[in-house]
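Hi there,

Here is the structure I promised to pass on to you. Please have a look at it first, and then read my notes below.

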Amino acid sequence: MSEHASGTSPYTALDDLEFDNRFVSNLPGDKEQGNYCRPVEGAYYSLVKPTATAAPKLVAYSDQVAELLDLSAQACDSDDFAKVFSGNQLLADMIPFAMCYGGHQFGNWAGQLGDGRAINLGEIVNQGKQRWTLQLKGAGLTPYSRNADGLAVLRSSVREFLCSEAMHHLGVPTTRALSLVLTGDQVMRDVLYDGNPSLEPGAVVCRVAPSFLRFGSFQLPASRGDLPLLSKLLHYTIETDFPHLGPPNNDTILKWFAEVSERTLTMVIHWMRVGFVHGVMNTDNMSILGLTIDYGPYGWLENYDPDWTPNTTDSGGRRYRYGHQPQIAHWNLLQLANTILPVIEDKEGLEFILKKFATDFEIQYQAMQLAKLGLESQHDGAQFLVAELLALLKQVETDMTLFYRQLASLDLSNLDSKTTQAHFKSIYYRQDELTPAYWLQLDQWVSKYKLRCEAEGVVEGDRKDKMNAVNPLYVLRNYLAQVAIDKAEQGDFSGVEELLSVLQNPYTEQEGKAHLAGKRPDWARDRVGCSMLSCSS
Ligand code: AMP
Ligand code: MG
């Protein structure tokens with residue numbers, strides 16, 4: 001152990017991290033220790049070590065996440081850092097394991113899934129007594145890898161690393177990312193699943209969250225009728241992550257479900273606010289803490305299109321399209337309710353919570369949409385205004401992010417059609433759609449909006465600040481991530497660093513960063529990685 005003078009100074013060496021490994025010490029583990037694929041019953045994890053890699057090399061780390069773990073810059077800049085967070089070196093107190101869970105994939109029960117390429121290094125308790133689980137993604141085969149390789153490529157790892165941090169700074173509940181490390185190995189991937197595989201650089205992200213438990217963690221024992229095992233996890237979760245609910249019993253389990261439901265709702269409302277599309281809302285990708293988890297073929301709305309999904313694997317049914325995310329969250333919660341029903345036998349209680357999700361959604365969604373406009377009152381006229389605006393945004397290809405920023409800076413005290421046109425013109429994708437009829441509709445809407453602002457006593461000077469606090473200027477546009485990835489694949493990590501830094505202040509205009517706030521360029525419209533993503537990662 002290196003020295004740290006007081007209890008609160010950051011650690012200068014990784015060895016100083018305090019692991020308590022509560023998950024493995026409190027829950028039953030797999031008796032079998034071999035690293036081969038198998039059904040794992042009666043257990044929540046299998047002990048498994050990360051696979052050594054050829055030449056670990058640090059690409060980037062988040063100093064803010066390091067701070068959460070009490071790690072100093074010295075610790076993060078040490079040679080050990082890349083070795084530990086690529087899985088090449090274990091700290092003395094780490095007990096690595098892969099978690100066992102199941103899930104509904106695209107609406108169908110898929111049975112046992114588990115951490116096929118995620119390996120938890122253990123849980124640390126920081127000096128402020130906060131618990132953080134450290135998890136490597138892409139660190140090699142586990143008993144849950146099924147027919148896949150347990151690895152991740154740089155492309156998808158850059159996307160996960162940047163987006164988790166960007167989401168946090170947008171105010172969206174999410175798992176965090178400490179680091180991004182190249183493994184030095186090459187990984188074979190067929191990006192479009194069209195029979196054209198190629199080698200890509202391998203990488204590992206270290207994800208950080210209080211817990212990585214998913215809806216599917218609870219579903220799997222229930223699907224096998226193993227209620228004692230399910231009860232153990234319910235009790236563990238309540239005691240560890242929901243202690244404010246009181247000692248676990250049927251009553252607190254119901255309260256717990258209510259809180260999971262509320263947190264999930266909050267998360268989805270935020271997604272809708274910032275234009276985020278998760279892409280794979282399977283129940284194994286739903287965090288029990290209501291965190292955005294598992295950044296795969298996610299995307300950001302550019303032109304406002306509620307039917308858009310970035311995930312080419314889902315292009316047929318578009319189950320996980322932007323506008324469908326709240327319904328899917330509800331459907332996933334219904335699966336979780338069915339899971340705990342045999343334990344608490346309170347159908348009415350569970351149904352009440354599910355109904356409440358639907359009514360709360362309507363209220364919170366409206367409030368969010370109004371806040372985007374700088375409004376508050378749930379007046380009928382205001383609701384109508386929101387509905388009209390969303391129809392307008394859809395009618396012609398309008399950049400969602402830029403529209404709200406432009407609306408914030410439009411001077412409502414001095415409106416005329418020509419000025420409005422000039423003010424908004426650059427945020428549309430297809431100039432040929434901007435007919436006189438469209439402009440007339442926009443003018444009419446803006447006039448109604450102005451009246452509404454006046455009726456609510458919104459002061460013109462305050463409106464912009466209020467709106468800009470909830471409508472980001474910088475989001476991780478699909479093409480921006482791809483440009484940073486292209487550079488990183490050539491060994492230039494400056495694009496990753498720049499995005500990591502700018503996305504820490506997404507609501508504030510930053511000097512010299514206009515190139516990260518622009519609408520999607522034409523070349524990116526149909527490019528793989530920009531508008532089309534698959535689950536291949
Ligand atoms: P996802 O929908 O990407 O979260 O993944 C679904 C399941 O597939 C999870 O159990 C993952 O652990 C597993 N999985 C995805 N990619 C890989 C991979 N390259 N190697 C092993 N397992 C994987
Ligand atoms: Mg997953």
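In which helix is the place of Ser 261? Ser 261 sits in helix α8. Before I go further, please keep in mind that this is a predicted model.

Ser 261 has a relative accessible area of 4% and is buried, since buried means under 20%. Leaving aside residues up to four places away in sequence, Ser 261 touches Leu 333, Ile 353 and Phe 357.

Helix α8 (residues 250–274) packs with α10 at an angle of about 25°, and their axes are 9 Å apart. Angles under 35 degrees count as roughly parallel, and α8 and α10 are therefore roughly parallel to each other. Their crossing is right-handed. On the α8 side the contact includes Leu 254, Phe 257, Ala 258, Ser 261 and Leu 265, and on the α10 side Ile 353, Leu 354, Phe 357 and Phe 361 are among the residues involved.

The crossing of α6 and α9 is left-handed. From α6, Phe 215, Phe 218, Gln 219 and Ala 222 meet Asn 332, Leu 333, Gln 335, Leu 336 and Thr 339 of α9. The contact of α6 with α9 has five nonpolar and four polar residues, and no charged ones.

How enclosed is helix α12 (residues 400–409) by the rest of the structure? Eight of its ten residues are buried, so α12 is largely enclosed. The buried residues of α12 are Met 400, Thr 401, Leu 402, Phe 403, Tyr 404, Arg 405, Leu 407 and Ala 408. What covers them includes α8 and α10, together with α11 (380–395), α13 (417–424), α14 (436–455) and α15 (460–468).

Which residues are the protein donors of the magnesium ion (ligand 2)? They are Asn 285, through OD1, and Asp 294, through OD, lying 1.9 to 2.2 Å from the ion. Asn 285 counts as buried, at 10% relative accessibility, and Asp 294 also counts as buried, at 13%.

Finally, two backbone details. Tyr 193 is not a glycine, but has a positive phi of about 50°; this tyrosine is found in the loop between β8 (176–189) and β9 (198–209). Glu 345 likewise has a positive phi, near 50°, in a residue other than glycine. Glu 345 lies in the loop between α9 and α10 (347–372), and at 66% relative accessibility Glu 345 counts as exposed.

Happy to go through any of this with you.

Best wishes

How values were computed: Residues are numbered from 1 along each chain as its sequence is written. Chains are lettered from A and ligands numbered from 1 in the order in which they are written. This is a predicted model: local features need pLDDT of at least 70, side-chain atom pairs count only at pLDDT 80 or more; totals for chains, interfaces and linings use all residues. Side-chain values use heavy atoms; hydrogens and water are left out. Donors are N, O and S atoms within 2.8 Å of the metal (3.2 Å for Na, K and Ca); water is not among the atoms, so sites may look incomplete. Buried means under 20% relative accessible area, exposed over 50%, partly exposed in between (1.4 Å probe, protein chains only). A crossing is left-handed if the near helix is turned anticlockwise from the far one by less than a right angle, and right-handed if clockwise. Helices (H or I, at least four residues) and strands (E, at least two) are DSSP runs, numbered from the N terminus. Contact means heavy atoms within 4.5 Å. Ala, Val, Leu, Ile, Met, Phe, Trp, Tyr, Cys and Pro count as nonpolar, Asp, Glu, Lys and Arg as charged, and the others, Gly among them, as polar. Axes are lines fitted to C-alpha atoms, for helices over the stretch in contact, and angles run from 0 to 180 degrees between N-to-C directions. Angles under 35 degrees count as roughly parallel, over 145 as roughly antiparallel, 65 to 115 as roughly perpendicular and the rest as oblique.
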